[in-house]
Amino acid sequence: MTDRLRTITIDGIASGPHLLVTAGVHGDEFTPIAAVRQLAQTITSDQLTGRLTLVPIVNRAAFLRGNRTAEDGLDLARVCPGNPKGSVTERTAAAVSELIRSADAYIDLHTGSTDISVMPLTGYMLHHNGDVLARQRQMARAFNLPVVWGTSANLEGRTLSVARDAGIPAIYVEYLGSGLLSDQGVAALADGCRNVMALLDMLDHPRPAPRVEHVVEDNRPGSGHMQVQNPAPATGFFEPTVELGERVRAGDLLGRVTDIDDDSVTEIRSTQEGIVIVLRTFALIHEGDSAAVILEIPENPTT
């Protein structure tokens, strides 16, 4: 069946936590797949305490299409916990949800799709359980990417929603995208997983120099939903005027959309103040598509 999960399990020489690491929840996110494969090839039982379960490609059906979704058109990160008797994506969601519930901690690796690129970041839901939240904060910082982003726990259908409901500390990671395989990203994601394993006392791994630049927690309903910010007012040829990591203020120009029939130009201006953490890199943009996501950080924060 195309919804089956291929897992790689490494049992350590002593008992300890069970960490689950997944990649390929979306079929067009390739850097995490390579990072999980690297972990599988380099971590051995004699190095490990506890159990490490790796899933190189969760959404096999989508990967084989070279697409974000499988043939049913459903987003796996919106239909969890799925349905074991449903469509291919719903069955895959049910399988990965069952696996998540078996773990003691969870890391879900992502990139932007073929259309977008995401500034390297680690995120988590602002869990109502203080102990779970504290562990997620530790895991996110330990992963050691430039941005740490805690967002509302009210978003449903995600892999992290399943972990939230099961009381399992979980983080997700984003690293660039645009349909590319980044060697730098592979190294950063694999090393970030090792950093978290060291935090969990599963692996002896040197503590790296800190790379975290921004830590933001935003508990507003819907925070963390990247696809809704700064929508394009028209369909056409998109040219961004900003870069990932650039600071913008409300009203600053993010990009222009040119009508391919009459060459009229429509501007897209930021509705937030902060840094650009997601940017559309695919030149075709449809009306309503998000052009950019801004992580809201005041220029002179008071805290």
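This is a predicted model: local features need pLDDT of at least 70, side-chain atom pairs count only at pLDDT 80 or more; totals for chains, interfaces and linings use all residues.
## Overall form

The protein chain has seven helices and 15 strands. A compact globule of 303 residues would have a radius of gyration near 19 Å, and the value for the protein chain, 19 Å, agrees with this. Along its principal axes, the C-alpha trace spans about 65 × 50 × 35 Å.

Of the 303 residues, 51% count as buried. The accessible surface of the protein chain is about 13400 Å², and carbon and sulfur atoms account for 49% of that surface. Among contacts between residues at least 6 apart in sequence, 74% join residues that are at least 24 apart.

## Helix 4

Helix 4 covers residues 88-101.

The buried residues of helix 4 are Val88, Thr89, Thr92, Ala93, Ala94, Val96, Ser97, Leu99 and Ile100. An α-helix has 3.6 residues a turn, so residues three or four places apart point the same way. The partners of the buried residues of helix 4 include strand 2 (14-22), strand 3 (49-55) and strand 4 (105-110). These residues also pack against helix 2 (60-65), helix 3 (76-79) and helix 6 (159-166).

## Helix 5

Helix 5, residues 130-143, also has its length set against the expected value: its 14 residues reach 20 Å from the first C-alpha to the last, close to the 20 Å expected at 1.5 Å a residue. At the start of helix 5, a side-chain oxygen of Asn129 comes to within 2.8 Å of the backbone nitrogen of Asp131. After the helix comes Asn144, with a positive phi near 75 degrees.

Buried positions in helix 5 are Val132, Leu133, Gln136, Met139, Ala140, Ala142 and Phe143. The buried residues of this helix pack against strand 4, strand 5 (116-125), strand 6 (147-151) and strand 7 (170-177), as well as helix 7 (183-199).

## Strand 11 and its neighbours

Strand 11 (residues 253-258) has six residues, and five of them are buried, so the strand is largely enclosed by the rest of the structure. Strand 9 (residues 236-240) runs antiparallel to strand 11 and is joined to it by four bridges. Gly255 in strand 11 is the bridge partner of Pro240.

Strand 12 (residues 265-269) is also antiparallel to strand 11, with five bridges between the two. Val257 stands opposite Thr266 of strand 12. Strand 11 and strand 12 form a hairpin, with six residues between them. In the turn, Asp263 has a positive phi of about 65 degrees.

## Backbone features in loops

Most residues other than glycine have a negative phi, and most peptide bonds are trans. The peptide bond from Cys80 to Pro81 is cis, with omega near 15 degrees. Pro81 belongs to the loop between helix 3 and helix 4.

Asp201 and Asn230 are listed here for their phi values. Asp201, in the loop between helix 7 and strand 8 (214-218), has a positive phi near 60 degrees. Asn230 has a positive phi near 45 degrees and lies in the loop between strand 8 and strand 9. Asp201 is exposed, with a relative accessible area of 61%, whereas Asn230 is buried, with a relative accessible area of 3%.

Key. Residues are numbered from 1 along each chain as its sequence is written. Side-chain values use heavy atoms; hydrogens and water are left out. The expected span of a helix is 1.5 Å times one less than its number of residues. Buried means under 20% relative accessible area, exposed over 50%, partly exposed in between (1.4 Å probe, protein chains only). Contact means heavy atoms within 4.5 Å. A polar contact is a pair of N or O atoms within 3.5 Å; within protein, one must be able to donate a hydrogen and the other to accept it, and residues adjacent in sequence count only if both atoms are side-chain atoms. The radius of gyration is taken over C-alpha atoms; the globule rule is 2.2 Å times the number of residues to the power 0.38. Accessible areas come from the Shrake-Rupley method with a 1.4 Å probe; for residues, only the protein chains shown count as cover. Two strands pair if DSSP finds at least two bridges between them.
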